Amino acid sequence: MLPENTKSVDIIKLQEKISNGDQVAFRQFFDLFASPLLHFAFLILKHKDVALEIVDDVFIKIWKQRERITAIENIRVYLYRAVKNSALNYLEKKANQLVTEPFDFMDIDVRCTINPEDEMIGSEIMAQIHEAIESLPPRCKMAFKLVREDGLKYREVAEILNISENTVDAQMVIAVKRISAKVSASFNNFPAPAKK
């Protein structure tokens with residue numbers, strides 16, 4: 001997920017500063033987006049070094065063409081699409097064949113971060129949730145990860161994955177139903193409290 005301070009940063013002003021060659025602004029821009037983009041690339045590639053190289057290349061291209069950065073309307077979607085396209089190009093070259101359905105064959109790992117709320121739920125329930133997420137179909141898992149973990153809007157996910165917002169919504173409904181069913185089954189297995 002993007003850091004909380006992303007909301008307080010005026011991305012458009014950062015873009016303007018970067019277009020004028022401001023290296024400090026570019027560093028701030030990099031710090032805001034590099035980590036979630038690296039995780040996204042790793043989900044596709046399953047290779048940390050290659051993911052890092054692809055993300056670095058995207059930022060290098062941004063810097064080299066910085067005069068044009070202000071023309072980009074939604075920089076976050078632009079960055080995710082650039083990383084996705086670069087990752088798929090890498091996979092295509094590596095496999096030496098055309099990748100027609102890029103998300104239907106990937107084993108995508110969704111990170112399960114622990115926070116105080118999660119600890120209250122209990123490790124068994126969290127394991128059930130993680131297992132349910134892992135069992136989602138790949139495209140469904142990717143949409144779920146982008147919305148829930150990276151905090152993207154349905155419209156942005158639709159642009160990144162080249163699908164409709166309705167498809168994103170449908171994938172999220174499937175994900176939530178499957179996860180809920182898994183967790184509900186766990187709660188139903190708890191013994192009933194003893195009657196007094």
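Predicted model: local features only at pLDDT ≥ 70, side-chain atom pairs only at ≥ 80, totals over all residues.

Q: OK. What share of the 196 residues in the protein is buried?

A: Buried residues make up 40% of them.

Q: And how many helices and strands?

A: The protein has 9 helices and 0 strands.

Q: What about contacts between residues at least 6 apart in sequence: what part joins residues at least 24 apart?

A: That comes to 68% of those contacts.

Q: On to the rings. How many aromatic pairs?

A: The count is 7. Take phenylalanine 26 and phenylalanine 59. Their ring centres are 6.3 Å apart and their planes stand at 80°, so this pair is edge-to-face.

Q: Where do those two lie?

A: Phenylalanine 26 is in helix α2, residues 23–45, and phenylalanine 59 is in helix α3, residues 48–64. The pair therefore ties together parts that are 33 residues apart in sequence.

Q: Is phenylalanine 26 buried or exposed?

A: Buried. The cut-off is under 20%, and phenylalanine 26 has 15% relative accessibility, so it counts as buried. Phenylalanine 59 is buried too, with a relative accessible area of 3%.

Q: Which other pair is edge-to-face?

A: Phenylalanine 40 with tyrosine 80 is one. The centres are 5.1 Å apart and the planes are at 65°, so that pair is edge-to-face. Phenylalanine 40 lies in α2 and tyrosine 80 in α4, residues 75–95, so the pair ties together parts 40 residues apart in sequence. Both residues are buried.

Q: Which residues form an aromatic cluster?

A: Phe26, Phe29, Phe30, Phe33, Phe59 and Trp63 form one.

Q: What sits over the ring of tryptophan 63?

A: The charged end of arginine 66, at 4.2 Å from the ring centre.

Q: Back to the helices. How do α2 and α3 cross?

A: Their axes come within 8 Å and cross at roughly 145°. The crossing is right-handed.

Q: Which residues meet there?

A: From α2, they include Phe26, Phe33, Leu37, Leu38 and Leu45. From α3, they include Val50, Leu52, Ile54, Phe59 and Trp63. By class, the α2 contact with α3 has 18 nonpolar, 1 polar and 2 charged residues.

Q: Which charged ones, for example?

A: Lys48 and Asp56 in α3 are among the residues that meet α2, and Lys and Asp count as charged.

Methods:
Residues numbered from 1 in each chain as written. Heavy atoms only, no water. Phe/Tyr/Trp six-rings, centres within 6.5 Å; stacked < 30°, edge-to-face > 60°. Helix = DSSP H or I, 4+ residues; strand = E, 2+ residues; numbered from the N terminus. Buried < 20%, exposed > 50% of the residue type's maximum accessible area, 1.4 Å probe, protein only. Lys NZ or Arg CZ within 6 Å of the ring centre and 35° of its normal. Axes fitted to C-alpha atoms, helices over the stretch in contact; angles between N-to-C directions. Left-handed = near helix turned anticlockwise from the far one by under 90°. Contact = heavy atoms within 4.5 Å.
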